[in-house]
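Let's take a friendly walk through this model, starting with one residue and ending at a chain contact.

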Amino acid sequence: METKSKKQRILPAGEFNVFLRVLQDAGYETIGPTVQDRTIVYDTIVSSSDLPAGWTDEQAAGSYEIRKTGKSLLFDFNVGPHAWKKYLHRADLLLWRAKTNGSGFSIQEEDDSPSKKAFIGVRACEVAAIQKQDKIFLKSQFTDSAYQKRRANTLIVAVNCTKAGGNCFCASMNTGPSVLSGFDFALTEILDDKRHFFVVEHGSKLAEELLNKMPKLEEASAKECALVREKMNEVSENMGKEVDTKDIKQLFYDHYDDHIWDEIATRCMNCANCTMVCPTCFCTTMEDVTNLTGTEAERWRRWDSCFTMDFSYIHGGSVRPSDSTRYRHWITHKFAAWHDQFEESGCVGCGRCITWCPVGIDVTKEIKNLRKSKATV
Amino acid sequence: MSNHNGNPMLPESFSVKRIKNETDDTFTVELQPSKKVLDLSFEAGQFNMLYIFGVGEIPISISGDPCSTDSLVHTTRVVGTVTKAMRKLHVGDLIGVRGPFGNPWPVEEAKGKDVVLIAGGIGLAPIRPVINYIISNRNKFENVVVLYGTRTPKDILYAKEIKFWEKKHRIQTFVTVDRAIGEWEGNVGVVTKLVARTPFDPKNAIAMACGPEVMMRFTVRELQKRGIANSSIYVSTERNMKCGIGHCGHCQFGAEFVCKDGPVFRYDKIAHLFDVWEV
Amino acid sequence: MDTLERFLADHKFLEEMKPEFIEQIVGCASNVHFSSGDIICREGRDADKFYFIRDGKVALDIHMPQKGSISIMTLDSDSVLGWSWLFPPYRWQFNARAKTEVSAIAIEGACLRAKCINDHEFGYEILKRFSRILAERLQLTRLQLMDVYSANG
């Protein structure tokens, strides 16, 4: 995918369905936000009527609610509990099957041919999260073939956030609110007194070809482009949370022995929610399953969390048996060790870990507390 | 054996060629590939993921000879379900193998230098390929010393072989045990105590240590007292591993993935983590 | 400098000790030699001496009924053998047996104690050096107790 293309066009909101159909006709399963169980989650959508039109979300530490706005906006919310990793880095993945024939056994690689998927409504923080997982699974020493196949079959239709959520801090993490790279399409939804439309930018050759299959879209005027910029500046100014990232790696490395970890451990329930909702958390475990007669076995890869005791188990016990050191491990990895591993932060500032923490532990607050605490190591 | 079938997550089929008890709770398996044309080369210090059908998969260091790789040799201790099942295998039984993985011992860098190898317990198994390599290239190394500590005299690995290291290959070997009951003419005391009296030139030596973390912490302190630089000390660490390729996250030790950045680390690179509690 | 004095000055335990202090020790010292297998001291006997081992190996062990002798530690060249001479009732706590040819310097306990009482500065220096050895041995013993190589270690 190329970087920002200059030419922007106008897609009237009423023609969003046409846009979806072009993608579907090109063989893409369209996936986007839908309202389910009073949350906005990603699922297959057939038409724009499946999108959460007129819904918005309100998020705070440990709290998430959706409500009707009375407006017709299709993307007037931020991120829900699901991240796109559920499609790219599957929560459960069958790697291979083995069969025994008495003394020996044979292993058959699972034939994995994922369908083409278009992700509709990928936010800037989520594009950044996908790029971070790309680094782990595609650009490190080894390639994850399952991820690679899914990623190659993915079309990204990004949507700029035109409101900032209560737990958002993408501006601090330098990942948003505007989508600047890593997209096929980037859309900004505008609703004023007269008109409801999207300013569309394409970021890949494929996107350009797909656009050509649409009925002719008029070019966005300078005024319309300025409107987008204005809107995005406004969002940037209104972030619900903020993190000072200056020397943040060293901040964590200097505080391995801080009492703060013990204090957080009195609140943290080790539920692992933060790791499940985090769009960059990538840890997995391997699970071998055998049938009842013991003749067939399967190797499954499943999402895992560093908050469990088993996670660091080596014979004799867990390396991190304390609640405090497990929390410390998670947040230190995210904000510090990730820099050493992948030359960037592991946090995209989406705020999911704050929203979905049952006791409302807020990483942005904890980082502020850490800054106030004296270095201990 | 460079990730034999292209997909590092897919085990390759091997069969048991030999299986031998070393001590009461340790044993060595020798494996040969079911397909004849597999490259079994590895570097001293690397490990494989061994899979027992229907039981599970674990990382085990390679303890064979990197200069003669017609089979895979693994020495391990019976500690969990997989190693228990492994010891019950017979000649001809199949094992799945993924690997070799991991960052090796610095054998090339050690050439022309004194080499101090310090092993504790089963930690001798990952050090043995270094010793085998040195034996095949003995003239390229200066003074070579092995310091080896175990629990009791019954727990000494490769007991017969150790005698030849000294006699035939000029590798001075000092064995010490934590406790000895009855007939034991050798040393009693912790292995770290031996460092102070080991003959090597701290200015031109490389030390490699493998054993329980506590033992290595004290070993490093003793080496430092001798004046050897942190950048000339190498340690092998142990963490939970599931994938072996740096993707599953389990083996993280600070910012390091033990499976691919380790298990062997130059001490100065991880010194800051060595005394951190539950890192 | 006579040989005893030189041997003492070379011993690690007395590293950088003032020459006049070394001289005081020489007054209580004598050269000794043990053959492999010799018993140097026995548990429960009078601890009237201690030894600076110059060369050789000495095994410390303790006898347990039914189990025989349990080896506690091996002492090498440059070690100090024995501190039972320091405190009443001045009796050995362990057996010590030469595992090789051993050359050592024996120090008369009563003689050195008297000098320590007479000259507290000298006494402090001796006690300080013994305390360090005690602390080191305690550390090593702790490590042994940890049983780090056990399957559940």
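Is Val145(B) buried or exposed? Val145(B) is buried, because 20 other C-beta atoms lie within 10 Å; here buried means 20 or more other C-beta atoms within 10 Å of a residue's own, exposed means 12 or fewer, and partly exposed is in between, with C-beta atoms placed from the backbone.

Please keep in mind that this is a predicted model, where local features need pLDDT of at least 70, side-chain atom pairs count only at pLDDT 80 or more, and totals for chains, interfaces and linings use all residues. Residues are numbered from 1 along each chain as its sequence is written, while chains are lettered from A and ligands numbered from 1 in the order in which they are written.

Val145(B) sits in strand S8 (residues 144-150) of chain B; strands (E, at least two residues) and helices (H or I, at least four) are DSSP runs numbered from the N terminus. Leaving aside residues up to four places away in sequence, Val145(B) touches Val116(B), Leu117(B), Gln172(B), Thr198(B), Pro199(B) and Phe200(B); contact means C-beta atoms, placed from the backbone, within 7 Å. The C-alpha atoms of Val145(B) and Pro199(B) are 7.7 Å apart, although 54 residues separate the two along the chain.

Now to the contact between chains B and C, which takes 26 residues from chain B and 20 residues from chain C. These elements of chain B each supply at least two residues to that side:

| Element of chain B | Residues |
|---|---|
| Strand S10 | 180-181 |
| Strand S11 | 187-188 |
| Helix H4 | 192-195 |
| Helix H5 | 213-225 |

H5(B) gives the most, with three residues.

Definitions and conventions
Two residues are in contact if their C-beta atoms, placed from the backbone, lie within 7 Å.
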